[in-house]
Amino acid sequence: MKLNGRHIYLNLLQIRLPIAGVMSIAHRVSGVLMVLAIPLLIGLLQFSLADVASFGQLKAWFGGWLGLAILFLALWALLHHLLAGIRYFLLDLDIGIDKPHYRHSAWGVMLAAPLLAALLTGVMR
């Protein structure tokens with residue numbers, strides 16, 4: 001369907017964003033995930049501080065695959081948001097603003113955040 005000679009149907013699966021655009025969207029997603037995780041993390045902290053048995057239960061739960069996946073996701077969100085924030089700060093200071101550098105720094109953030117999260121959670125043992 002066209003409106004004034006322009007297509008009004010936009011297929012989002014056919015759009016090819018540059019890596020900086022993908023990283024920008026992931027930066028926003030990681031920020032939302034961190035905000036939504038705050039009540040869960042506060043509840044988990046409260047549960048772990050109740051007594052020794054509760055701490056042991058929580059430790060055992062985070063040793064399983066679901067607990068590790070949640071921990072990995074939370075760490076990925078934190079690390080991606082931190083690294084992308086540093087990247088944006090440097091871009092604001094006109095450091096790495098030219099084409100090959102901003103592309104390399106976007107790839108660096110996209111690769112470093114999950115790698116660091118996997119190392120910190122012990123997924124890559």
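S30 is buried, with a relative accessible area of 0%, where buried denotes under 20% relative accessible area, exposed over 50%, and partly exposed the range in between (1.4 Å probe, protein chains only). The structure is a predicted model, in which local features need pLDDT of at least 70 and side-chain atom pairs count only at pLDDT 80 or more, whereas totals for chains, interfaces and linings use all residues. Residues are numbered from 1 along each chain as its sequence is written, and side-chain values use heavy atoms, with hydrogens and water left out.

S30 belongs to helix 1 (residues 19-48); helices (H or I, at least four residues) are DSSP runs, numbered from the N terminus. The side chain of S30 forms a polar contact with that of H81, at 3.0 Å. Such a contact is a pair of N or O atoms within 3.5 Å; within protein, one atom must be able to donate a hydrogen and the other to accept it, and residues adjacent in sequence count only if both atoms are side-chain atoms. Beyond four places in sequence, S30 touches W76, A77, H80 and H81, contact meaning heavy atoms within 4.5 Å.

W76 and A77 also belong to the largest nonpolar core, whose seven residues are A26, L75, W76, A77, L79, A113 and A117. A nonpolar core is a set of buried Ala, Val, Leu, Ile, Met, Phe, Trp, Tyr and Cys residues joined through side-chain atoms within 4.5 Å. Helix 3 (65-92) and helix 4 (99-121) each contribute at least two residues to this core, and the largest share, four residues, comes from helix 3. When neighbours within four places in sequence are left aside, A117 is in contact with F72, L75, W76 and L79. In soluble globular proteins, nonpolar side chains tend to be buried together.

Helix 2 (residues 52-63) contains L58, which counts as buried because its relative accessibility is 12%. Residues up to four places away in sequence not being counted, L58 touches L44, F47 and S48.

L93 is located in the loop between helix 3 and helix 4 and is partly exposed, at 48% relative accessible area.
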